Structures are given as C-alpha cells and as structure tokens.
Amino acid sequence: KRTHSGERTHACDEPGCGYRTAQASHLTTHRRTHSGERPYACDEPECGYRAAQAGSLTSHKRTHTGDRPFACDELGCEHRATTASSLTSHKR
C-alpha cells in the first residue's frame with residue numbers, strides 16, 4: 001500500500017541525513033553508507049573485495065569469471081557488458 005501512496009515510514013536516524021523509505025530493507029542498506037559495513041565478501045583467493053550490497057558483489061565476481069551476460073541488440077554489434085547499466089551507457 002505504501003508503494004502507491006508515497007508514504008515513507010522508515011527514516012534514517014543519522015543526524016542531518018533525512019533519508020526516508022517505504023521499505024525497511026532499503027533503510028538497512030542505506031545505513032551502511034554511514035557505518036561503512038560491507039558484509040558481502042568475494043570468495044576469490046587473495047581478492048579482498050567487500051561490498052555493502054549483494055548486487056555489487058555479483059557484478060564484481062564477473063571480473064574474475066569474465067562473464068558478460070548483457071548483450072547489445074544492435075545489428076552487427078558484438079559488445080557484451082558485465083552490468084545492465086554498462087550496456088545502457090554503451091548504447092548511448
């Protein structure tokens with residue numbers, strides 16, 4: 001119901017922040033910007049990469065595997081990207 005009403009009941013308690021969201025999980029992720037917590041660790045030996053969001057770790061792991069799951073649909077273009085946003089930038 002809050003999605004359509006625009007109601008944002010979850011607020012960041014960091015002084016001066018002002019961030020508000022409708023979803024508690026978004027607030028949990030946001031709070032990591034203040035705390036510096038990075039609970040998602042790369043399991044590649046000697047990598048040391050840690051992320052605050054699971055999706056960032058997923059994208060990072062592609063640097064080790066070489067996986068590029070996002071393909072350009074322009075005729076004749078063979079560009080492939082590691083993230084959807086990188087593909088969007090390529091298309092511009």
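The model is predicted, so local features were taken only at pLDDT of at least 70 and side-chain atom pairs only at pLDDT 80 or more, while totals for chains, interfaces and linings use all residues. Residues are numbered from 1 along each chain as its sequence is written, and side-chain values use heavy atoms, with hydrogens and water left out.

Helices (H or I, at least four residues) and strands (E, at least two) are DSSP runs numbered from the N terminus. Helix α2 comprises twelve residues, 24–35. Gly36 follows α2 and has a positive phi, near 80 degrees.

Relative accessible area was computed with a 1.4 Å probe on protein chains only; residues under 20% are termed buried, those over 50% exposed, and those in between partly exposed. In α2 the buried residues are Leu27, His30 and Arg32. Their cover includes the strands β1 (10–11), β2 (20–21) and β3 (40–41), where contact means heavy atoms within 4.5 Å.

A salt bridge was assigned where a side-chain nitrogen of Lys or Arg lies within 4 Å of a carboxyl oxygen of Asp or Glu. Three salt bridges were found in a search of the whole structure. One of them links Arg32 to Glu37, with the closest N and O atoms 3.6 Å apart. Arg32 counts as buried because its relative accessibility is 13%, whereas Glu37, at 42%, is partly exposed.

Another salt bridge joins Lys61 and Asp43, with a closest N–O separation of 3.9 Å. Lys61 belongs to helix α3 (residues 54–65) and Asp43 to the loop between β3 and β4 (50–51), so this pair ties together parts 18 residues apart in sequence. The relative accessible area of Lys61 is 32%, which makes this residue partly exposed; Asp43, at 60%, is exposed.

In the salt bridge between Asp73 and Lys91, the closest N and O atoms are 3.4 Å apart. Asp73 is located in the loop between β5 (70–71) and β6 (80–81) and Lys91 in helix α4, so parts 18 residues apart in sequence are tied together by the pair. Asp73 is exposed at 64% relative accessibility, and Lys91 is partly exposed at 44%.

Ser89 is also placed in helix α4 (residues 84–91). With 45% relative accessibility, Ser89 counts as partly exposed. The C-alpha atom of Ser89 is 30 Å from that of Gly6, a residue 83 positions away along the chain.

Notes: The expected span of a helix is 1.5 Å times one less than its number of residues.
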